[in-house]
Amino acid sequence: MDQLHTEILASNDSDLITATNFLANGRLVAFPTETVYGLGADATNNVAVAHVFAAKGRPNFNPLIVHVTDLNAAKKIAVFNQAELQLAKAFWPGPLTLVLPLRSGHNIAPLVSAGLNSVALRVPAHPVARDLLRKYGGPIAAPSANISGQISPTTAAHVIGSLSGKVAAVIDGGPCEVGLESTIVGGAPTALLRPGGLPVESIEKLIGSLRPAGKTITAPGQLTSHYAPWATVRINAVNTSPEEVMLGFGPMESDLNLSIAGNLIEAAANLFGHLHHLDRLRRPIAVAPVPEIGLGHAINDRLKRAAALR
Ligand code: TXA
Ligand code: MG
């Protein structure tokens, strides 16, 4: 990815407005939360979200956590059951993430939840994160602000060390208080998906024992056929049989094209939407070769899962 100039912003009003302008333009802004610094993008903008994966150098499309101002904003995006509502009321704002079914009519970009019909939501407690969310007025998708495989950043200096030149700005809000990612729960009955900054005991005191992680949706990106569409998928296809539809990449004839220009950011942004669209045709899908560079690794990872026998 091209080197950008990374601005270091403070947490005053005018700097936060600068940050919201970057976000509105599809740029990335790292910001402090009480757990760790987040690498933020407009959660409704697929291309912006593709840039998050590119900046982190993630080899696959792990779904991201969406940050919102409050429970009301969360309810516009997802559907809560009784236990989840109790948890949100007790622990938001704070280091708890809830994985919830997406509400119909939501405007979250498909790449955020890696094509799943659920979404991870959190209301951060850090005053700068809250101020940023209020000023932005929309959901911000943010994984931890570090290159994939490196440790999570708890100061602006950590973020700059890892992502300088890859993000438009870093908001310096001092060191993170919790220093550990949020606890993630989801499903019915509620399961622990990732231990984190909110102790499990606090959750269980309120809603009873959590199901253990592991047997459920813990790490959707790791289940071989989790992302499988209805139709069979054939990868690295150079032509189609009469019954197949072609998902193209680069200049070629196809039914839908991930990126005619051969741009991997654009291809990542289109991936889940295009697969859903072609899947509705109920015909086998042939997919053109996608190069194993940059976001191509994550795109091919997803396509291989879709193509895996099940
Ligand atoms: O403390 C935190 O949670 C930090 C700060 C920035 O808020 N964020 C963070 O995000 O740790 P990230 O992207 O590193 O964690 C995302 C994890 C995924 O790896 C996955 O385990 C879970 O959240 N997740 C997200 N969406 C999911 C979904 N729809 N279903 C199941 N798990 C999901
Ligand atoms: Mg992380």
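The chain falls into two domains, with domain 1 covering 7–212 and domain 2 covering 233–307. The model is a predicted one. A distance of 29 Å separates the C-alpha centres of domain 1 and domain 2.

The two domains do touch: 14 residues of domain 1 are in contact with 12 residues of domain 2. Interface size is often expressed as the accessible area lost when the parts come together. Here the area buried between domain 1 and domain 2 is about 1,000 Å², and carbon and sulfur atoms give 76% of it. On the side of domain 1 that touches domain 2, the residues divide by class into 9 nonpolar, 4 polar and 1 charged. Across this interface 0 salt bridges are found, while 3 residue pairs are in polar contact between domain 1 and domain 2.

G208 sits in the loop that runs between helix 7 (200–207) and strand 11 (233–234). With a relative accessible area of 27%, G208 is partly exposed.

E34 counts as buried because its relative accessibility is 6%. The E34 side chain makes a polar contact with the side chain of R122 at 2.9 Å, and a polar atom of the E34 side chain lies 3.4 Å from the backbone nitrogen of H126. Beyond its neighbours within four places in sequence, E34 is in contact with several residues, among them G94, P95, P124, C176 and G179.

Over the whole structure, 6 salt bridges are found. One of them joins the side chains of D13 and K135 (3.0 Å, N to O). D13 is in helix 1 (residues 13–24) and K135 in helix 5 (residues 127–136), so this pair ties together parts 122 residues apart in sequence. K135 is partly exposed, at 28% relative accessibility.

Another salt bridge brings together the side chains of R234 and E244 (2.8 Å, N to O). R234 lies in strand 11 and E244 in the loop between strand 11 and strand 12 (245–248), so the parts tied together are 10 residues apart in sequence. R234 is partly exposed, with a relative accessible area of 34%, whereas E244 counts as buried at 11%.

Key. Residues are numbered from 1 along each chain as its sequence is written. Chains are lettered from A and ligands numbered from 1 in the order in which they are written. This is a predicted model: local features need pLDDT of at least 70, side-chain atom pairs count only at pLDDT 80 or more; totals for chains, interfaces and linings use all residues. Side-chain values use heavy atoms; hydrogens and water are left out. Domain bounds come from an automatic or database domain assignment. Contact means heavy atoms within 4.5 Å. Buried area is the accessible area (1.4 Å probe) that two parts lose on being put together, summed over both. A salt bridge is a side-chain nitrogen of Lys or Arg within 4 Å of a carboxyl oxygen of Asp or Glu. A polar contact is a pair of N or O atoms within 3.5 Å; within protein, one must be able to donate a hydrogen and the other to accept it, and residues adjacent in sequence count only if both atoms are side-chain atoms. Ala, Val, Leu, Ile, Met, Phe, Trp, Tyr, Cys and Pro count as nonpolar, Asp, Glu, Lys and Arg as charged, and the others, Gly among them, as polar. Helices (H or I, at least four residues) and strands (E, at least two) are DSSP runs, numbered from the N terminus. Buried means under 20% relative accessible area, exposed over 50%, partly exposed in between (1.4 Å probe, protein chains only).
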